[in-house]
Amino acid sequence: MKKKEVLLNISHLKKSYGEKRILRDINLTIQKGEVVGLLGVNGAGKTTTIKAVCGILGFEQGEIFIDGKSVKKDPMACKKIIAYIPDNPDLYDYMTGMQFLNFTADIFEVDKETRQQKIAEYAEKFELTNDLSQPLSAYSHGMKQKL
C-alpha cells in the first residue's frame with residue numbers, strides 16, 4: 001500500500017487573545033486527496049486556525065507545516081502553495097486592481113508574459129477589465145472577491 005503524502009500538519013497549535021485562549025492544542029493532519037471542513041459555533045476558532053495556517057495570524061505555540069514547509073520559518077514558501085479567499089476581502093484599498101494583481105503575481109513569481117495573458121483572460125471572464133485602473137476602495141464587495 002502506497003504511503004499518502006501529508007499536505008498539512010498542525011501540531012499542538014495554541015493561540016490566545018489576551019486572557020482568552022481560543023486554540024487549545026489543535027492537532028490535524030490532512031493528506032493528499034482528503035477534503036476537510038471545520039465545523040463549530042461562533043468563536044470556536046475556525047477562522048483563527050485558518051488564518052494561522054495561511055500565515056496571516058501568529059500563534060504562541062505549536063507548529064504548522066504545509067507540504068513539509070514551516071509556516072513560522074518559511075512563510076513565503078507556504079504562501080506560494082496555498083490560497084486564502086476570505087469572506088470579507090480586505091484588500092489593499094490604496095492600490096488599483098492592476099497593482100494588486102501585479103503584487104500577487106510578484107509573490108508567486110509569475111513571469112511578465114504569463115501574467116499579462118492571465119490578467120487579460122480572467123479580467124474579461126470576471127468582467128473587471130474596465131475597473132482594473134480604479135483604486136480598490138472604489139470596488140464593491142463582490143468585485144473585491146472576484147479580484
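**Close-up 1. Lys 144 and its salt bridge to Asp 93.** Lys 144 counts as buried, because its relative accessibility is 15%. In this predicted model, Lys 144 forms a salt bridge with Asp 93, and the closest N and O atoms of the two side chains are 3.2 Å apart. The bridge links distant parts of the chain, since Lys 144 belongs to helix 5 (residues 141-146), whereas Asp 93 is in the loop between helix 2 (75-81) and helix 3 (97-107), 51 residues apart. Asp 93, with a relative accessibility of 34%, counts as partly exposed.

**Close-up 2. Lys 15 with its partners Glu 60 and Tyr 17.** A salt bridge joins Glu 60 to Lys 15, with 3.8 Å between the closest N and O atoms. Glu 60 lies in the loop between helix 1 (46-53) and strand 3 (61-66), and Lys 15 lies in strand 1 (residues 6-17), so the pair ties together parts that are 45 residues apart in sequence. The two partners can be told apart by accessibility: Lys 15 counts as buried at 11% relative accessibility, while Glu 60 counts as partly exposed at 41%. The charged end of Lys 15 also sits over the ring of Tyr 17, at 5.0 Å from the centre of that ring.

**Close-up 3. The buried side of helix 1.** Thr 48, Thr 49, Ala 52 and Val 53 are the residues of helix 1 shown here, and they are buried. These residues cover an arc of only 135° around the axis, and therefore they are on the same side of helix 1. As a general point, an α-helix has 3.6 residues a turn, so residues three or four places apart point the same way. The cover over the buried residues of helix 1 includes strand 1, strand 2 (20-31) and strand 3. Just after helix 1 comes Gly 55, which takes a positive phi of about 80°.

Close-up 4. Five aromatic pairs are found in a search of the whole structure. In one of them, the rings of Tyr 92 and Phe 100 have centres 6.3 Å apart and planes at 35°, so this pair is tilted. Phe 100 also forms an aromatic pair with Phe 103, likewise described as tilted, with 6.4 Å from centre to centre and 40° between the planes. Phe 100 and Phe 103 both lie in helix 3, where they are three residues apart, about one turn of the helix. Phe 100 is buried, with a relative accessible area of 12%, whereas Phe 103 is partly exposed at 32%, and Tyr 92 counts as partly exposed at 40% relative accessibility. Ring pairs link Tyr 92, Tyr 94, Phe 100 and Phe 103 into a cluster.

**Close-up 5. Arg 115 in helix 4 and the residues around it.** Arg 115 has its place in helix 4 (residues 112-125) and, with a relative accessible area of 14%, it is buried. Its side chain forms a salt bridge with Asp 106, in which the closest N and O atoms are 2.8 Å apart.

Close-up 6. Lys 118, Glu 121 and Lys 125 are linked in a network of salt bridges. Lys 125 is found in helix 4, and its relative accessible area of 57% makes it an exposed residue. Lys 125 and Lys 146 are 21 residues apart along the chain, and their C-alpha atoms are separated by 10.0 Å.

Definitions and conventions
Residues numbered from 1 in each chain as written. Predicted model: local features only at pLDDT ≥ 70, side-chain atom pairs only at ≥ 80, totals over all residues. Heavy atoms only, no water. Salt bridge = Lys/Arg side-chain N within 4 Å of Asp/Glu carboxyl O. Helix = DSSP H or I, 4+ residues; strand = E, 2+ residues; numbered from the N terminus. Buried < 20%, exposed > 50% of the residue type's maximum accessible area, 1.4 Å probe, protein only. Arc of directions from axis to C-beta. Contact = heavy atoms within 4.5 Å. Phe/Tyr/Trp six-rings, centres within 6.5 Å; stacked < 30°, edge-to-face > 60°. Lys NZ or Arg CZ within 6 Å of the ring centre and 35° of its normal.
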